[in-house]
Amino acid sequence: MPAADGDAGPAVAVQHDGPPAQATEGGGRGDAACTMHRLGEQAVTAVSIAADMRRLWPAEAVDASSPEVQDQLGQDRRVVMSLPAGGCDDCQAAFYGAIELLMIGSGGDDGCASDPQKHQRDDQAVLRAVWASNADRLLAGLQTGGGDAPSAAVASHPATSAAGEATDAPRPAAGKAAASRRSLLAALSEVLNYPGVLRDERLDAAFCTALLAAHATKPLRLKAGLLPGLVVLASHEVADVRRWAVATILGIPDTKRSAAEDLRRMFSTLRDVLTAALGDYAGTCTSSTANLQGSYNLSQDLPVAWATLSTVLSCLTDDGVDSLVEGFPHVPANLVQHLTSSLTNGGFWDVLHCLARMQESPKWSWAEVPADSISKVMGCILDSPAFNQHASTQPSVDLTGDLSEGFAAAYGVRSEICVSWIFPFLYSNRSKITELPTLITGVLDRSAQWTRGVQSDLAPVLSSFVSSREQLGLSEATCDSLMTAMLQYSGHSNDLRTNQTLSEFVSSDIDSLESAYQSIYRDGGVAAVTTTDWKFHHGVWEQLSKCDVVDTLAVVRHVFTEFSRIHLLDRVRDGEGGPEAAPVVQEFNRALSAVWLALEHVLKECPRTQETARWLVDEIGANALFCIVSPNANVSSACLLALQAALGVTG
């Protein structure tokens, strides 16, 4: 169940059960050092009750008016309210969880309870006092860098004096500094797990000071995955705190990425952060402790909110992204609004990363976005200064960027998302876009001005369009342009899917040549034929006549295999087939010349070394011999030279 601000349940980070995550080295405390566990049976019972309540009724599922909940609250309210703050990880989870649940049960969360008004007022007054006492305890720990200052509830407990005497026993001087840092880290860890306390301005200021000082003394290491406190700090008003949080999140290893279960415990925190700059997110779980204190000290700058969301997305698993997309259904509309009207405000790459990452989720939907906004978004992205500066400019020596400024600050990240968003963006909106071929052609036109690196990244995107040509309703001419650019940009086609598509194109073109030849000479040349169904990919063959043979082995092998079907075909003389056949004759001759040119290129490239010449014989085998008897003299002579080179014959 969410705790403090509705977020850090018993499993923050990557666990699904157990205590809150130990945020930093030395953070958190075990039972042996826990004041709470030394207070006696009643306090331990309170921990158990709070933990049971949290397991029974997660915040998002609580019906505070139900008899079961009210009965439980009525029996255990006073016991749980006397639960001391602080203590070990289990006790912290129980304390903050009890606060959250009792705020709901007392009507503190949207007034949803059915308790009598007097009980509501009493409960809320006690809860506010407990919350304030807890803030004072943490404030003392952060300001002094140590001490196990008890809350008011602890101080009033019969066993407090004995526990205090044991805690305050003299320690060797040499161990005071280490003990002080351990106590400080324990306080920092508690705040990172339960950031609702940062709504207190005094505590927020003390925490930021202590955090930066501790990190400057010795860099803090995060032991857990994503914590709710990190989400708040990544959008903090203080820039140095923001940079620390972002760099810390980006340092989370892949093995500790947050899944859906972890992220759901942080929904209210993320909601508060996004709402601060992007507007209201109705429908997500709210924070009960917002009623106990004010607001977080968050930056109001729009780019900071997008940078936070982008950074959080970088450390989520796929189902974590699904959960985020499902929990924040208005993000697509916000993205469109920002991309089409606010690019001058900065944050372009963070917004683009959010788009690229979130639209991969099956939960993502463009339903709320008008159709005319889709093409507008496309144009705004491709024409933006930030995009064109990256796509058209060679990288500088420093390719890393400043990771502390956000996930998308690194050059490598910008390169990864620069064009990867294009295909899923257009594919998911294919039913809403009437000018889809125009938009794709626009990408091709712009890509001619991009750097070689960006063009190389675009090649698999173009291949995806060709592979989905039927679903997208693309014409043969558009597919030819896409495949031509893909071959030009990739430099090779050893990708399995690309090779398969290329082979399909080659087979289709050879079919067209064979069919046209038969049509022209059918019935003594009197057949009426048209070019209506003519399909030939001239751009593809032009690129095959320029490509590196070694990089296109699979496709070249297929070309020779298919050519064996038409190896004896020659150019058709003008007038053959009658006047009606003239357009087909013209197209046939042009297409056959393109095939011959590609074959001649391969046959001339192979003899450059005996090894590649032998490859021609070994890999293509008898199919290469068909070229010897080709009506085209250039193809025939090139084939003979290739065979001589393979056999080691000279002169």
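Which side chain does a polar contact join to that of Arg-137? In this predicted model, the partner is Glu-190, and the contact between the two side chains spans 2.6 Å.

## Arg-137 and its setting

Let's stay with this arginine for a moment. Arg-137 belongs to helix α4, which covers residues 117–144. With a relative accessible area of 9%, Arg-137 is buried, because that value falls under 20%.

## The largest nonpolar core

The largest nonpolar core contains 154 residues, and Phe-387 and Trp-421 are the ones with the most contacts inside it. The helix that gives the most to this core is α28 (residues 582–605), with 12 residues.

Phe-387 is worth a look in the viewer. Beyond its neighbours within four places in sequence, Phe-387 touches Phe-348, Trp-349, Ile-381, Leu-382, Cys-418, Val-419, Trp-421 and Trp-450. Three of these contacts come up again in the next section.

## Aromatic pairs

The model holds 11 aromatic pairs. One of them, Trp-364 with Trp-366, is edge-to-face, with 5.2 Å from centre to centre and 75 degrees between the planes. Both of these tryptophans are buried. Phe-536 and Trp-541 make a stacked pair, since their ring centres are 6.1 Å apart and their planes lie at 10 degrees; these two residues are buried as well.

Ring pairs also link Phe-387 with Phe-348, Trp-349 and Trp-450 in a cluster.

## Arginines over tyrosine rings

Arg-199 places its charged end over the ring of Tyr-296, 4.3 Å from the ring centre. The charged end of Arg-430 sits over the ring of Tyr-427, at 4.0 Å from the centre.

Technical notes. Residues numbered from 1 in each chain as written. Predicted model: local features only at pLDDT ≥ 70, side-chain atom pairs only at ≥ 80, totals over all residues. Heavy atoms only, no water. Helix = DSSP H or I, 4+ residues; strand = E, 2+ residues; numbered from the N terminus. Buried < 20%, exposed > 50% of the residue type's maximum accessible area, 1.4 Å probe, protein only. Polar contact = N/O pair within 3.5 Å; in protein donor to acceptor, adjacent residues only side chain to side chain. Core = buried A, V, L, I, M, F, W, Y, C linked by side-chain atoms within 4.5 Å. Contact = heavy atoms within 4.5 Å. Phe/Tyr/Trp six-rings, centres within 6.5 Å; stacked < 30°, edge-to-face > 60°. Lys NZ or Arg CZ within 6 Å of the ring centre and 35° of its normal.
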